[in-house]
Amino acid sequence: MDALNYAKSGFAVFPLHAVKDGRCTCAKSDCSSPAKHPRTVHGLTQASNDPSFVKNLFSCFTYSSANIGIRTGKESNLVVVDVDTAKGGRIEELYNFVPKDALEKTLRVKTGGGFHLYFLYPPNVEIRNSTDKLGNKIDVRGEGGYVVAPPSMHISGKPYEFLNNNKLLPFPQAFVEKLNAAEPKAANGTERSKSNDLETYFNGNRNDSLARVAGKLRHAGLSQSELETALLKINAERCQPPLESKEVLQIARSIARYDVGQEPTVDFETIKNAGDFASLLLTKTANACIEEAKLAPTPKTLFDDFWFEGEICILFADTGLGKSVLAVQIADSITKHSPIGHFALEAAKQTVLFFDCELSQKQFEKRYAVKQDDILTNHYIFDNSFLRCVINRRAAMPKRFTNFEDYLFFSLEYEVARTETRILIVDNITYLKSQTETAKDALPLMKELNRLKDKYQLSIMALAHTPKRDMTRPISVNDLQGSKMLSNFADSIFAIGQSAKDSSLRYLKQIKVRSEEKIYHEENVALCQLIKPDNFLKFEFLTFRNEREHLKHLNEKDKAELIEKVKNLSAQGKKQREIAKEFGISLGAVNKYLNLKI
Ligand SMILES: [Zn+2]
């Protein structure tokens with residue numbers, strides 16, 4: 001039975017995370033629901049029994065197959081009784097009101113810690129999810145719920161299996177009555193709370209719901225630490241899938257700001273967004289910063305000191321200098337786990353998603369083949385973990401998106417999630433920005449890339465065009481358009497410069513680094529040549545050089561102008577050192593110009 005067969009049988013299915021190398025494919029070290037939570041951002045709402053839709057949806061997960069979730073409820077005509085024997089659930093408890101025979105005659109599935117009994121959804125009543133109502137550790141999955149179905153793999157390494165081939169029996173009337181029965185009175189005669197009729201909080205209202213519960217608990221007098229404990233438990237038991245612990249703690253903290261007994265006026269919108277991007281700033285004690293830094297693993301290089309794992313790196317250059325060539329070469333190097341000449345590659349071999357807004361397929365082919373008598377031949381063979389992604393011009397924007405950018409970001413996240421890539425290269429961000437490009441417009445884009453980076457632990461390289469720059473001056477961050485914004489949101493930045501001496505020579509220069517010291521600075525740029533010896537256009541490292549040697553030298557007229565500018569700046573009170581830096585000339589030259597009498 002695969003997802004398609006379930007769909008053909010009328011079950012609404014959707015993909016769940018799976019087990020890969022003993023871990024949940026979400027790759028979060030603190031995943032609270034391993035191999036059981038929805039694989040895509042849409043989750044349960046995407047469940048479908050349309051065979052062609054399901055076929056497409058599941059075919060996405062080629063790198064590790066997805067577990068299968070079946071949506072329970074009317075839509076699938078399904079109610080499932082979940083007996084958690086590992087936690088002490090006993091099917092015998094059900095024999096009290098439904099004959100043993102009847103329970104054995106319906107479809108039964110082995111789960112990670114017990115089994116599932118599948119029943120047809122009863123007409124004219126609504127069966128909701130419930131916990132412990134039919135018996136201790138015996139839950140019901142109905143409207144708004146889902147179950148993990150065979151042959152999904154449990155995190156324990158054992159598959160979900162059918163224990164028989166029986167047809168589904170109707171959901172027993174005795175169960176319906178039991179579920180609808182009045183709440184039992186507790187021994188002391190007071191009404192028991194409706195704790196058995198637990199509401200499940202789904203993706204989209206989990207934050208709100210937890211915040212509301214927290215507000216009530218705070219009002220009742222709970223301390224912050226009590227709130228934290230309570231919310232973590234509620235999160236684990238009622239949120240589907242559970243929120244990350246840090247988000248839950250954030251809610252507890254927000255609510256604990258209110259005095260005990262004070263009715264909190266909770267700003268739900270703020271809390272809802274807290275997990276994503278509530279504040280632009282992050283405040284911690286200096287000591288906490290040092291402690292965190294100690295614990296952080298030493299990042300591994302993806303492309304020497306220019307780009308480390310887990311970083312958002314910007315590569316910028318004038319048009320035509322070979323940004324895309326270098327980016328493809330880097331992607332090729334990572335996917336083949338083979339360093340580029342002199343440049344170190346420490347990270348493991350892994351999948352790279354290369355979002356190409358620049359080249360057509362034909363142009364791409366041309367770069368990685370040999371042309372003989374007007375025919376492209378001897379094509380370069382890339383590793384199959386090198387994924388190339390382009391804009392699908394035939395896609396029509398769904399109604400729920402109000403602008404192209406949102407649709408694009410959403411699609412980008414979808415591709416990242418379904419290809420399970422950890423490395424994203426965007427060629428180039430100029431394309432992703434709106435037409436009326438200003439520095440301000442880079443902000444949502446960089447925020448979005450940062451969000452993706454955090455959510456999927458991505459390493460991102462974003463390529464950016466620069467306007468034609470002054471080749472007499474060293475490359476600086478000011479050559480990057482919208483530099484302030486982009487620079488704030490990038491961990492590292494490097495640039496390609498063209499040698500004024502020889503137009504086939506390029507040099508790589510670090511502009512911003514996060515943790516290490518700059519190696520490829522002004523006096524030590526990596527000089528490379530752009531060559532295509534066979535079927536692969538590439539950068540080849542030559543040597544280290546001073547950038548100044550490769551800047552354009554001035555003719556007499558240019559020189560006279562420069563001297564004039566140097567004198568003006570000096571008259572304005574600028575230091576000689578600053579002037580030297582401003583124009584990319586030596587201190588000696590500045591001194592000489594200032595002493596010239598023209
Ligand atoms: Zn997970």
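1. Leaving aside neighbours within four places in sequence, with which residues is Ala462 in contact? The residues are Ile312, Ile314, Val426, Ile429 and Leu449, contact being defined as C-beta atoms, placed from the backbone, within 7 Å.

2. The model is predicted: local features need pLDDT of at least 70, side-chain atom pairs count only at pLDDT 80 or more, and totals for chains, interfaces and linings use all residues. Residues are numbered from 1 along each chain as its sequence is written.

3. Ala462 and Cys313 have the most contacts inside the largest nonpolar core, which has 57 residues. Such a core is a set of buried Ala, Val, Leu, Ile, Met, Phe, Trp, Tyr and Cys residues joined through C-beta atoms within 7 Å; buried denotes 20 or more other C-beta atoms within 10 Å of the residue's own. A separate, second core comprises 44 residues, among them Val19, Cys24, Phe58 and Tyr121.

4. Of the protein's 598 residues, 33% are buried. Among contacts with a separation of 6 or more, 68% link residues 24 or more positions apart.

5. The protein has 18 helices and 27 strands, taken as DSSP runs (helices H or I, at least four residues; strands E, at least two) and numbered from the N terminus.

6. The axes of helix 5 (residues 206–219) and helix 6 (residues 224–238) come within 11 Å and cross at roughly 145°; axes are lines fitted to C-alpha atoms over the stretch in contact, with angles from 0 to 180 degrees between N-to-C directions. Leu210, Val213, Ala214, Leu217 and Arg218 of helix 5 meet Leu227, Ala230, Leu231, Ile234 and Asn235 of helix 6.

How values were computed. Buried ≥ 20, exposed ≤ 12 C-beta atoms within 10 Å, placed from the backbone. Contact = placed C-beta atoms within 7 Å.
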